[in-house]
Amino acid sequence: MRTLIEGGTVVTASDTQRADVLVVDGKIEGIAARFEGTFDERIDARGRYVLPGGIDVHTHLDMPFGGTTSSDDFESGTIAAAHGGTTTLVDFAIQAKGTTLRQALDTWHAKAEGKAAIDYGFHMIATDLPPDRLAEMGDIVREGVTSFKLFMAYPGVLLLDDQSIFRAMLRAGELGALICMHAEHGLPIDVLVQRAIASGHTAPVHHALTRPEAAEATGTERAIALAEMAKVPVYIVHLSAQRALERVVEGRDRGLPAYAETCPQYLFCSEDDLRGKPGDEFEGAKFVCTPPLRPKHHHEHLWRGLRNYDLQVVSTDHCPFCMKEQKELGRGDFSKIPNGMPGVETRMYLLFEGVREKRISLNRFVEITATAPAKIFGLYPRKGTIAVGSDADLLVWDPERRHTLSKETLHMRVDYSPFEGREVVGFPTVVMQRGNVVVRDGKLAGKAGAGQFLRRSTFSL
Ligand code: URP
Ligand code: ZN
Ligand code: ZN
């Protein structure tokens, strides 16, 4: 199958050029000013950008959490991702306490197989890691799951103590695996939560007020210090706050391989959203995620971090729960609101607003949504760029097309949108994976089950 993408502006993390892209049998065969010959399909990209498909390295599909299960499964979640221009995601398999890492991996393969419409990989959340289980990490890495998420928060549920974290870091170092850290100091947070509930402070906004910036800053510092002692890289997930970013900057300035991602909700939403609407404070439940949304002044720091290469990635932490029957579990007790927000479909739209507002360049947009996640998580150069030999995971992106974000038009299986009514500019008119069109003009052209499991390489930056 030979497809020519003609006349577009091809954008990578480093270059912007007017060129045709020739795709043969799912791979990029050539990039040139002009190709002659016969093609099975010609896609007109004049006046449009040709971008690498988005890579979202932080999703929670079909995940049991907070007394319920995230509302997108691998079918609905990957179809939504594709509509928004994401062609690869890395989801978190989660070890239930008392079970093996292998069981968790088998469970996640069963959830994804035959359902995913785009390519996918897994990280492994380890929740139960006594010394005699560390050997299992090697089996998981050999299966192409080359990163582990550990939690400093959620005592009794997900939290790992510092000794277990440190042992896991040492083992990861031997294996070439990357530790991803949920870096909030969870034990004092739990005390604050209990005291708030006991004092009758039960509304959603107290989710933010009981998880202060200091808890994330100290968690981030501790994670980086542990990684420094173990002599391994560390990747801080869903960084939300100025002081946590400062800890990353300090580490990086000392030459440590500390990496961090933020998420669109921390760039576009704020603690004010958690206050709900006049007369309906529970509306704030739509915005309960962890770490919590911060006051607006944090936005500028995070954008600067993205511009300055102190933050490397924007992922979504897509973890959707409907208001009905899910977020409602926490009416009258914010601590029972399932933590998480939908976002896998809206990431590229929102980040492109950053390009339009000149917060980041177009090349940096490509880098933080595709190239850097591919490099950090062992998918490069197969994914994350437009280069000869890479998978033809491509977007034809119309930079002028306006559309309005709404739960009615988005494809995520959730009964609200945090961005309801927001007009954005920029739209993927063609979304291609390995040469196959998955979404064309907003209509699904691919199918559930077409996505392939990606065995990722070990960390090599
Ligand atoms: O609120 C969030 N982030 N839910 C998903 C779990 C996590 O910590 O990433
Ligand atoms: Zn987390
Ligand atoms: Zn998460």
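Guide: Let's begin with the largest cavity. Its volume is about 140 Å³. Keep in mind that this is a predicted model.

Visitor: Which residues lie nearest the centre of the largest cavity?

Guide: His60, Phe65, Tyr154, Asp317 and Asn339. They belong to a lining of 18 residues.

Visitor: And how does that lining divide by class?

Guide: The largest cavity has 9 nonpolar, 7 polar and 2 charged residues in its lining.

Visitor: Where does ligand 1 sit?

Guide: In the largest cavity.

Visitor: Which residues come nearest ligand 1?

Guide: Lys149, His182, Thr290, Asp317 and Asn339, out of 13 residues around the ligand. That shell divides into 4 nonpolar, 7 polar and 2 charged residues.

Visitor: How much of ligand 1 does the protein bury?

Guide: 99% of the 260 Å² that the ligand exposes when taken alone.

Visitor: How many cavities of 30 Å³ or more does a search of the whole structure find?

Guide: The search finds 3.

Visitor: Switching to pockets. What volume does the largest pocket have?

Guide: About 590 Å³. It is lined by 28 residues, and Phe65, Gly66, Tyr154, Val157 and Leu158 lie nearest its centre. Strand 7 (64–65), helix 2 (101–112) and helix 5 (186–198) each give two or more residues to this lining.

Visitor: Which element gives the largest share?

Guide: Helix 2, with 5 residues. By class, the lining of the largest pocket has 14 nonpolar, 9 polar and 5 charged residues.

Visitor: And the second largest pocket?

Guide: Its volume is about 280 Å³. Asp273, Lys286, Phe287, Ser417 and Pro418 lie nearest the centre, among 15 lining residues.

Visitor: How many of the residues lining the second largest pocket are charged?

Guide: There are 7 charged residues, alongside 6 nonpolar and 2 polar.

How values were computed
Residues are numbered from 1 along each chain as its sequence is written. Chains are lettered from A and ligands numbered from 1 in the order in which they are written. This is a predicted model: local features need pLDDT of at least 70, side-chain atom pairs count only at pLDDT 80 or more; totals for chains, interfaces and linings use all residues. Side-chain values use heavy atoms; hydrogens and water are left out. A residue is near a molecule or strand if one of its heavy atoms lies within 4 Å of it. Accessible areas come from the Shrake-Rupley method with a 1.4 Å probe; for residues, only the protein chains shown count as cover. On a 1 Å grid over the protein atoms alone, a cavity is a set of points where a 1.4 Å probe fits but cannot get out, and a pocket is an open set with protein on both sides within 12 Å along at least five of seven lines; lining residues have an atom within 4 Å of a point. A molecule sits in a cavity or pocket if more than half of its atoms lie within 2 Å of its grid points. Ala, Val, Leu, Ile, Met, Phe, Trp, Tyr, Cys and Pro count as nonpolar, Asp, Glu, Lys and Arg as charged, and the others, Gly among them, as polar. Grid points are joined across faces, edges and corners, and a volume is the space filled by probe spheres set on the points. Helices (H or I, at least four residues) and strands (E, at least two) are DSSP runs, numbered from the N terminus.
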